[in-house]
Amino acid sequence: MNAGDRIRVERGGVTNEGVLMPSTTAEHLVVKLDGGYNVGIERDDAEVEVLETGVYDVEDAQSDEGDSSEIEFDDDLPTVSLISTGGTIASTVDYRTGAVTAQFDAEDVLRAVPDLAGRANYRGRVVANILSENMTPDVWQELARAVHEEIEAGADGVVVMHGTDTMQFSASALSFMLDTPVPVVFTGSQRSADRPSSDNVMNAVCAVEAAKSDCAEVLVCMHGTESDDVCALHRGTRVRKNHTSRRDAFETVGAKPLGEVDYDTEEVSFRREYAERGAADLDVAPAIDGEVELVKFTPGMDPAALSYLDGKSGVVIEGTGLGHVHTDLIPRIEEFVDDGTVVTMTSQCIAGRVCDRVYDTGRDLLDAGVVEAGDTLPGTAKVKLMWALANLGDPADAMGRNLVGELQEESKPWT
């Protein structure tokens, strides 16, 4: 049997049928299943039947892919830096196991997404190789410094490849840490490259087009619909992952996305004002205070559950409705404020703003020293407070003011 043959493999009572793919070890078979997934199977005790020979020209496909990954400098093209922190967008198949593994330098990205070739000159850089749930504030700082260095070295735009689970937090962090004269675009993939429904190619292509645009902000570029038609461009401080697995999982909360990229025409358009390319002087302020916690209030919460917040520099509360907690918790919250902790209130509601002047509980919270965060998203509020504590003279005051688009002056849904 040869790579490209259709085979049936039985091992351990399990039968797999598909196209035989190349393997980097003699101990494993790799089979591409009809659904698009690859599976790695140990050869020991495996019974293999060749159903059809030469159904897929593996060598030609690999040769074409390799040719398209070459990087050639073109004086007429802009330079886009591709920075990786991990995730699946540039993943390729590991033929030892059949699983996907992330590949990160510029040539690897072009090999995984050959449609990027000819759109820009690329530089590749790795900041981290982690699952996004393992993201930490110190990596945000490294990422901010790396983006600053790439722009300082002449990049006309930056694309940050990032896992989707915590992308909104990292995009928020860079929004506060960076003054950027060029676009900084986060993108990722909800579905791995070995799946027929993978979104990695379209998201990467649209992210590069956004990085070449006139919008010099930190953006998140992901599928705007379930179809392969449009990628939405979300402001980094107003975006939230609202679905676990859909390709259009990301949404701008309280409004339509800032802009979009048409995949077919490659046109980048915006529906609201944005910071224009070249308007800001490049600067970075990566300092943050790590002693900040985000706490979600739930009915029946024991006041003793707040004890771990003693000594924290800041606390963001995700309250109910307009920004409420049980009245029994207010004395404990007031103690935090009296001890110097900045306590700010956000809402569990998806849209709308905090207003603690409507009900008695809210007024009591204000009297206790709690600061309203308007319609700032809870996760963004945590990142903002971490940054404000380390960089601003009056972080409590800053939580009630818009700094980089995180707090809408007035809630106007779907504009």
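My entries below go from ground rules to salt bridges, rings, sheets and a helix.

**Ground rules**

I am working with a predicted model, where local features need pLDDT of at least 70, side-chain atom pairs count only at pLDDT 80 or more, and totals for chains, interfaces and linings use all residues. Residues are numbered from 1 along each chain as its sequence is written, and side-chain values use heavy atoms, with hydrogens and water left out.

**Salt bridges**

I began with charge pairs. I took a salt bridge to be a side-chain nitrogen of Lys or Arg within 4 Å of a carboxyl oxygen of Asp or Glu. By this rule I have 23 salt bridges on my page.

I looked up Arg-119 and found that it forms a salt bridge with Glu-266, with the closest N and O atoms 3.1 Å apart. This pair links distant parts of the chain, 147 residues apart: Arg-119 sits in the loop between helix H2 (106-112) and strand E9 (121-126), and Glu-266 in the loop between strand E17 (259-262) and strand E18 (268-270). For such elements I use DSSP runs, numbered from the N terminus: helices (H or I) have at least four residues and strands (E) at least two.

Next I checked accessibility, with a 1.4 Å probe and protein chains only: buried is under 20% relative accessible area, exposed is over 50%, and partly exposed is in between. Arg-119 is buried at 14%, while Glu-266 is partly exposed at 36%.

I then turned to Arg-125 and Glu-150, whose side chains meet in a salt bridge at 3.0 Å, N to O. Arg-125 lies in strand E9 and Glu-150 in helix H3 (residues 137-152), so this bridge ties together parts 25 residues apart in sequence. Arg-125 is partly exposed, with 25% relative accessible area, and Glu-150 is buried at 9%.

Asp-310 is in the loop between strand E20 (292-296) and strand E21 (314-319), and Arg-332 is in helix H6 (residues 330-338), 22 residues away. I noted Asp-310 as partly exposed at 45% and Arg-332 as buried at 16%.

**Aromatic rings**

I count rings of Phe, Tyr and Trp (its six-membered ring) as a pair if their centres lie within 6.5 Å; planes under 30 degrees apart are stacked, over 60 edge-to-face, and the rest tilted. The structure holds 2 aromatic pairs. For Phe-270 and Tyr-274, the ring centres are 4.6 Å apart and the planes stand at 45 degrees, so I logged the pair as tilted. Phe-270 is partly exposed at 23%, and Tyr-274 is partly exposed at 26%.

**The antiparallel sheet**

I traced an open sheet of 5 strands in the order E4-E3-E2-E1-E5, with antiparallel pairing. I call two strands paired if DSSP finds at least two bridges between them. Strand E4 (38-42) and strand E5 (47-52) are at the edges with a single partner strand each, so one side of each has no neighbour in the sheet. Strand E2 (residues 14-21) is joined to strand E3 (residues 28-33) by 4 bridges. Here Leu-20 stands opposite Val-31 in E3.

**The parallel sheet**

Which order do the strands of the parallel sheet take? I read E20-E21-E22-E23, an open sheet of 4 strands. Its edge strands are E20 and strand E23 (371-372), each pairing on one side only. E20 and E21 share 5 bridges in the parallel sense, and Glu-293 has Val-315 in E21 as its bridge partner.

**Helix H7**

Which residues are buried in helix H7 (residues 360-367)? I found Thr-361, Gly-362 and Leu-365. Viewed down the axis of H7, these buried residues fall within an arc of 100 degrees (taken from the directions from the helix axis to the C-beta atoms), so they line one face of the helix. The face turned away carries the exposed residues Asp-360 and Asp-367.

I also asked what covers the buried residues of H7. The cover includes H6 and strand E22 (342-347), where contact means heavy atoms within 4.5 Å. After H7 comes Gly-369, with a positive phi near 100 degrees.
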